[in-house]
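The stops below go from one selection to the next.

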Amino acid sequence: MSPSLPERDREVCWHPYTQHALDTEPLPVVGAKGAWLELADGTKRLDAIASWWANLHGHGRPEFVEAMRDQAQQLDHIMFAGFTHEPGVALAEQVLEIAPDSLTKVFYSDNGSTAVEVALKAAYQTWVRRGEPARTVFLALNGAYHGDTFGAMAVGEPEPFFAEFSPFLFHVVHVEPTAESLREALDDLEGRVAGFILEPLVQGAAGMCMHSVQFLQDARRICNERNIFLIADEVMTGFGRTGKVFACDHAGISPDLMCLAKGLTGGIFPLSATLVSEEIYQAFLDDERAKAFFHGHTFSGHPIGCAVGLASLKVLKEENTPALLDHIGQRIEKGLQAALTWGGVKEIRRCGGIVALELDLNNITGDDNSGEEGADEGGYLAPVGERLRQACRENQQVLLRPLGHIMYAMPPSCVTDEECDLIASAILGVVQSVLE
Ligand SMILES: Cc1ncc(COP(=O)(O)O)c(C=O)c1O
């Protein structure tokens, strides 16, 4: 008998964020339509986590397939240095039209981590161009996650993923999402800070941690007062996830740099963008070629990605995706309310279409949730997370993945009310099974 797909996979594939010595086989997915994934055994799973927070409107939409096919027939790829193309320019125009006012130029790359690298490099090099190379420190939030490349790791929370790389990571000071904490760090580092990077409103990998709109406004004001760049990493929050097109819109603020990926293409093509203010762009204009921004990727501004990005933006505007996601979030949040009376549930929180349920680690029996390295206060490696993960795998209808001791949902905008209820009851079932 010929080997199954998981058997062949085991021979040749090394998966992201996977402990191959522990994790069960990957699920073989053969197709996807709307919010449903089709598995090789003929069963279906409702994708409640939007395929790593990317899928925005649903899988397999004909207009997206058409946009990619037409673009591939017309112009499949061309480098973006020294060349340009219609979808690249049109997408930049349209993204800037909906982005906060101060952003005037789009620098393309191909994933969220590199969008962050570009932002960090452009911010620092702007200081170098201005004759202030000693501004080598970045500020970031506790629990931050900005991707897995070296600059992105440096601004991320070291535990549990990145601590072993500390010899290679530049100086970053992590702060709480409060004005006091930010001011205090800036006082200590007077004249040495290049910028402050944050995931506005929702810190995804931290466990869908949410801070206030007020803090975003404070952060903008303080960065202005202290003359440092504010970098909004909207890789996860962008394109409607928080109930507005961008999380920054809730606060009415304009960052100096903004990182976009995932939903930029509706979540179906690797494309990202770093939006910058005119001030930053101008800092690199010079008669000397050596003063240019020397950064680029082979597939920066990929025409097929830009074409599907345009198709996705059209849907976002026509269907009001932020409002759809907000409704979905409300419905799921409502469906989870019953859990608040259970002893082991600490909190249910929501921002737009992102809903999280946090377990109360002090109220869970059956394991020590503080023993494992990186597991203090729960976190990604909290033992209860293993049990949640297992329970999620056993659910035959809804695809869920915990973040440590936190369960969350962030489905695409096409899910119906009934599907929202199914997601909520699946989360309740998973949580109940570990609290029993
Ligand atoms: C806020 C944020 N920034 C950056 C990234 C990195 O994006 P990518 O996985 O495309 O490199 C992620 C990924 O989840 C993210 O959530």
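This is a predicted model: local features need pLDDT of at least 70, side-chain atom pairs count only at pLDDT 80 or more; totals for chains, interfaces and linings use all residues.

Arg349 and Glu358 form a salt bridge, and their closest N and O atoms are 2.6 Å apart. Arg349 is buried too, at a relative accessible area of 10%.

Now extend the selection to Lys346 and Glu347. Together with Arg349 and Glu358, these residues are linked in a network of salt bridges.

The side chains of His405 and Glu358 make a polar contact at 3.2 Å. Is His405 buried or exposed? With a relative accessibility of 5%, His405 counts as buried.

Next, go to helix H11, residues 303-319, and pick Lys314 and Glu318. Both residues lie in this helix, four residues apart, about one turn. Their side chains meet in a salt bridge, with 3.1 Å from N to O. Glu318 has a relative accessible area of 57%, so it counts as exposed, the cut-off being over 50%.

Move on to Lys291 and Glu288. This pair also forms a salt bridge, with 3.4 Å between the closest N and O atoms. Lys291 is partly exposed at a relative accessible area of 26%, and Glu288 is partly exposed at a relative accessibility of 44%. How many salt bridges are there by the rule used here? The count comes to 20.

The last stop is the ligand. Select the residues around it: Trp53, Asn111, Gly112, Ser113, Tyr145, His146, Gly147, Glu199, Asp233, Val235, Met236 and Lys262. Coloured by class, this shell shows four nonpolar, five polar and three charged residues.

Within the shell, check these distances from a polar side-chain atom to an oxygen atom of the ligand:

- Ser113: 2.6 Å
- Lys262: 3.0 Å
- Asn111: 3.3 Å

Then switch to a surface display for the ligand. Taken alone, the ligand exposes 390 Å², of which the protein buries 83%.

Technical notes
Residues are numbered from 1 along each chain as its sequence is written. Side-chain values use heavy atoms; hydrogens and water are left out. Buried means under 20% relative accessible area, exposed over 50%, partly exposed in between (1.4 Å probe, protein chains only). A polar contact is a pair of N or O atoms within 3.5 Å; within protein, one must be able to donate a hydrogen and the other to accept it, and residues adjacent in sequence count only if both atoms are side-chain atoms. A residue is near a molecule or strand if one of its heavy atoms lies within 4 Å of it. Accessible areas come from the Shrake-Rupley method with a 1.4 Å probe; for residues, only the protein chains shown count as cover. Ala, Val, Leu, Ile, Met, Phe, Trp, Tyr, Cys and Pro count as nonpolar, Asp, Glu, Lys and Arg as charged, and the others, Gly among them, as polar. A salt bridge is a side-chain nitrogen of Lys or Arg within 4 Å of a carboxyl oxygen of Asp or Glu. Helices (H or I, at least four residues) and strands (E, at least two) are DSSP runs, numbered from the N terminus.
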